[in-house]
Amino acid sequence: MTPDLLHARAVTRRHFFQTSGLGFGALALNSLMADDLKRPMIPARAKRVIYLHMAGSPSQLEMFDYKPELQKLHLKDAPASFLEGKRFAFIKGVPKVLAAQFKFAQQGQSGQWMSELMPQLAKVIDKISVIRTVHTDQFNHAPAQLFVHTGSPRLGSPSIGSWATYGLGSTNEDLPGFVVLLSGGKTPDAGKSLWGSGFLPSVYQGVQCRTTGDPVLYLSDPKGMDRVMRRRMLDAVAKMNEAEHARSGDAETLTRIAQYELAYRMQTSVPDVMDISKEPEHVLKLYGAKPGYVSPAETSTDDVRVLYKGDDPTFANNCLLARRLIENGVRFVQLYDWGWDHHGSSPGESIDETLPIKCQQIDRAISGLILDLEQRGLLDDTLIVWGGEFGRTPMMQNNVRSDLKKGFVGRDHHPYAYTMWMAGGGIKGGVALGQTDEFGYYPVENPVGIRDLQATILHQLGLDPYRFHFSYQGLDNRLIGPTNEGKVLKALLA
Amino acid sequence: MSRALVLLLAVSARAEPVDFSRDVLPILSANCFACHGPDEKERKAKLRLDVEGDAKRARDGETPVLAGKPEQSSVFTRLVTKDEDELMPPPESHKTLKSAQIELVRRWIAEGAKWGRHWSFEPVTRPQGTIDSLVKEKLTEKKLTLRPPASSATLARRLSLDLTGLPPTDSSDKDYEALVDSLLASKAFGEHWARLWLDLARYADTKGYEKDLGRTMWPWRDWVVDGLNADMPLDQFTLEQLAGDLLPNPTEQQLIATAFHRNTMSNDEGGTDNEEFRVAAVKDRVDTTIQVWMGLTMGCAKCHSHKYDPISNEDYYRLYSILNQTQDADLPDDSPKLSKPTPEQTKAVESATKKLNELREQLAKASGKDLKDKDLEREDPTTDKPEIAKLKAEVKSARNALKAANEEIVAIPIFRELPTAKQRVTKIHNRGNFLDQTAPVTPAVLPAFGKLPEGAPLNRIGLAKWLVNRDNPLTPRVWANRVWARLFGIGLVETEEDFGALGTPPSNPKLLDLLAAEYRDGGWSLKKLLKFIVMSDTYRQASETTPALREADPRNALASRGARYRLSAEVVRDQALAVSGLLSRKMGGPPVMPPQPAGLWRSTYSGKTWIDAEGEDRHRRGLYTYLKRTTPYPSFITFDGGSGEVCQIRRIRTNTPLQALVTLNDPVYLEAAAALAAKMIASGSEPAAAGLRIALCRPAKPDEAKPLITLFADAKADFAKHPQQATDLIATTRSKLPQGIAAPDFAAWIVTANAILNLDEFLTRN
């Protein structure tokens, strides 16, 4: 899409401007609105996305990828095939193999293997397609997170949520099209770049909505100014701006008048949608949500991971918020939950102590989200994506230790195979795609690249991953990158 | 032949001859070159159409381009054939040509298929005419003329905002040229135009990626400000930034200049491969250099030859090898650095070192062995004798004191070349992968754009000289266009970042070349170029527009009227502070932290916190605001400012409700509103009209202030009813009640001033 076409869209976007008979306006938030022009390119199966990213990367070997063979090698030297020609983030020399630290069992009609860490999710596993063979080419957090979310391991490319809102717009005039919610007490490693708009216009950047303080920055009027006063003030501004428009004839001024009105409405609509206390008790219970809860992990300046508690409802609150946001027309809701980097170098980042706590925080919340969406008839056209930026090694991290000590069990970064899953939005349930080798090291069947995942998400949204692009710096930039290696995962499509 | 085509031919018969580089090359570039262009790996049927000889040579029974005979030229016949196997571009490419484009190709061949180069690769020659005559030439084609000049108050504000980023302070009736000269001579000039360089240089106060720790880059920022104020010519600016360290006996300032390319990010995340991120930084430097000076995208040539522009995969790594010889290596300490200790700091480090050494000796004596740093960590109160434990603790604290003393010293990352014996061998990275290196290459500049100037060495000095060499067709055009775009809101080449085959063609090619020649031949003086432009009638036009103007020149690309656009992120804020009288004019030094909402900095590992500045540092120019790459200052990001992650050529302006929330509610704008309210009250005239005059830098029109006066009266009545609200609002703005004014009155004037600071005219450059 060319900047010209963007301009044309901004102009034709709203009746307001069509009838004003005026020239071109700059890009406005309302250029994201009213779906009349932003039709999908191909038939869409999903209208919206909730993306749940576990920043730090959970261990697939403790959650979804059942590898009993590891038991035989447990605490023995890793075979040479694990190590030859490999680069690791921290492992040096020959590490010890580590067996799964939790029990596995088959779940649901589909009989998928899952560990005991996610008992609630196990109950809805037949609604989910698990992909066991995701691989990436990045093994450091920030570049790997950027690769998953922007298609490039370096900074400066738009995030998938920006692409989606650029392609499809938002369906609510009073809310941003792309909203980001954080939990775990820290911003994900790559920071706000993960929801930046890159080379797309900045209207498409994700808006971080916060659960403490102003939900959107600068949303509240200053103390002492009530709504009546604000209304009066904006009326005076609008009156003078109309006079300025009559003088200058610049359509930008009309856009600005409209944006101030939208800002005024957002001051009510955003706190309203962010207020989960309006939800009935049974819904709160379904997610394990607690309105108004402020986790000590969100405010402490120390290592927040030692403050994690299994019943901390922050992530659950965000899942419930995600449902409220998409229900109100937000196109893309991105959750980041930090604290999944379990190297074993301290109890706060260990597989034996912290992973179960993190799983407990998300287990009921995610299964509740799936059930709630289903009950409301929203699961069919809402795509849920879950995963980290890479997986974890079948070996312990030997620069930390080579024996099992409570609170110090961990694994290094593993880019070659890990698990992600998708549900809803035209994705089949009960599928397990891909097979890793007996140690969970490499894919042996159906390897799935990051670009395949991105192609699939765009495809479900009705955006042809190969044609959907933005021209910038002489290139037709695409989420899936310059080559056509990314393929839509047909096996998952319902 | 269809009726439509007959009609088209009839119409086109009257048109001027087809121009290859203007009309045909863009069509071929966009539709053919991906498979039949410079990239040898992707080339299909061994056919390339970007080279005249190849395109006109008969092969396999067909000739792609047979001059004068379109019906026998496969480049044309394959566009119109009904045979799906023959049709070009192939259907799976999803590319289709419009019938008018096909007709252009046909006519070009029929008219003799004259070849040429892409317009921006042709040499710059100064055309006849002036800015005004060349603009008028284009306007006449659209039956338009130049608009009358804007009022002197509007022009004074326009000039002041454009040249210094601040509203006018000088109310004296200087004539226009004197005003231009005084603004160009003001210190604020360098502060404003430095922002452009900072965007290009991906300047930030942190290192980026996961840890995103702080680093000292601000001396380079100050070097840019000083250089611009001294009107350092672009060629020298270029040489010092790219190669200051290689100059004979470089001065401290010349070394600081090389920090330009040390603004690349470095990754301190645990477990990263330093070489991987060093390579990423060097590639960033290659891409940024060619972007900033030549407006071309190099990125794709990392993996394969450029599909549209004449830059091969090998060309990329030959240029890369020139920049691949610096010492920096993504190390946590960002070395090499230039230290700038004050005499006191030098003394402090010396005495801290001395103290540490003494304590270490004592400890060695007491314990009978030379303890290493890690031994100090293994403090064991059960086995250590009390005096040893005490000494260990003292050594540790002395060590920390030395570290702290060293950290006080300003040290900026700079370029240093590796000694010849240690220089790296550069090889082509297969598909851009640094772990898969293939053939070694020798250093060279891009061969399609002229040779290294006579006698220039094949290193960064040579690279810099080649970029600003007279023969380089791109550098003067790219820079002239960039400067024009800052003044007119849109470039003559709208895609400022792409002067290659896929960029937009210039809206006024002769004007662009006039400016380019003026800049280059005028000694690369930015101030001269700016004066050349702002003295034109074109620049001075009024910005009011009419339906006819908008119809003929919807985006003002032809400069058919004065430019009108929303001010940039920093200027929006600086202006509010300036008109309210709060702006600090302190220049330079470490970045500052004006208030931002609490809790924004929750980076993964960086312990640094944002502490809202008190006093003068709350109200410095936006240029000095601390920029953390992963969490940029929120109000600047909302107004399209960058995060300093990659080279930002232009900021695409947006107009959003989040911007309204910033200027309505960000504490800095509330503090400015209160200060403005106090000025309005103290003005001695009707306060609302005075507010308009102060903020908009023009007298208020009769009755113009009426909505504000009504607002004030209503607000005052409300505050009188709810005095606590008045007190609260005044407290929020951290202001003091002016003498003799009741709280409800003052609060109501704050609301009124808040309105003025949100007027469209205030946020806009007119």
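This is a predicted model: local features need pLDDT of at least 70, side-chain atom pairs count only at pLDDT 80 or more; totals for chains, interfaces and linings use all residues.
Helix H8 of chain A, which runs over residues 227–248, consists of 22 residues and reaches 30 Å from its first C-alpha to its last, a span close to the 32 Å expected at 1.5 Å a residue. Among the buried residues of H8(A) are A:Met229, A:Met233, A:Leu234, A:Val237 and A:Met240, and the buried set also includes A:Asn241, A:Glu244 and A:His245. The cover over these buried residues includes elements from both chains, namely helix H9 (251–274) of chain A together with helix H30 (706–721), helix H32 (743–756) and helix H33 (760–763) of chain B. After H8(A) comes A:Gly249, a residue with a positive phi near 70 degrees.

Helix H6 of chain A, residues 141–150, is mostly covered, and 10 of its 10 residues are buried. Including A:His141, A:Pro143, A:Leu146, A:Phe147 and A:Thr150, the buried residues of H6(A) pack against strand E2 (48–55), helix H7 (160–168) and helix H14 (450–460) of chain A. H6(A) is followed by A:Gly151, for which phi is positive and near 80 degrees.

The contact between the two chains draws on 69 residues from chain A and 75 residues from chain B. On the side of chain A that touches chain B, two or more residues are given by each of strand E1 (27–28), H6, H8 and H9 of chain A. Of these elements, H8(A) gives the most to that side, with 12 residues. Sorted by class, the side of chain A that touches chain B holds 30 nonpolar, 22 polar and 17 charged residues.

The domain assignment divides chain B into domain 1 (3–116), domain 2 (152–185 + 475–552), domain 3 (189–334 + 426–467), domain 4 (342–408) and domain 5 (665–765). The centres of domain 2 and domain 3 of chain B, taken over C-alpha atoms, are separated by 28 Å, and the contact involves 21 residues from domain 2 of chain B and 19 residues from domain 3 of chain B. The elements giving two or more residues to the side of domain 2 that touches domain 3 are helix H8 (152–164), helix H9 (176–185), helix H20 (474–488) and helix H22 (526–534) of chain B. H20(B) gives the most to this side, with four residues, and by class the side has 10 nonpolar, six polar and five charged residues.

Most residues other than glycine have a negative phi, and most peptide bonds are trans. Against this background, a cis peptide bond with an omega of about -10 degrees joins B:Met88 and B:Pro89, and B:Pro89 is placed in the loop between helix H5 (74–80) and helix H6 (99–110) of chain B. Another cis peptide bond, with an omega of about -5 degrees, joins B:Ser335 and B:Pro336, where B:Pro336 lies in the loop between helix H15 (313–323) and strand E1 (337–340) of chain B.

Although B:Ala45 is not a glycine, its phi is positive, at about 55 degrees; this residue is found in the loop between helix H3 (33–36) and helix H4 (52–56) of chain B. B:Ala45 is exposed, with 9 other C-beta atoms within 10 Å. B:Lys143, likewise a residue other than glycine, has a positive phi near 60 degrees and is found in the loop between helix H7 (131–141) and H8 of chain B. B:Lys143 is exposed, with 8 other C-beta atoms within 10 Å.

Terms used
Residues are numbered from 1 along each chain as its sequence is written. Chains are lettered from A and ligands numbered from 1 in the order in which they are written. The expected span of a helix is 1.5 Å times one less than its number of residues. A residue is buried if 20 or more other C-beta atoms lie within 10 Å of its own, exposed if 12 or fewer, and partly exposed in between; C-beta atoms are placed from the backbone. Two residues are in contact if their C-beta atoms, placed from the backbone, lie within 7 Å. Ala, Val, Leu, Ile, Met, Phe, Trp, Tyr, Cys and Pro count as nonpolar, Asp, Glu, Lys and Arg as charged, and the others, Gly among them, as polar. Domain bounds come from an automatic or database domain assignment.
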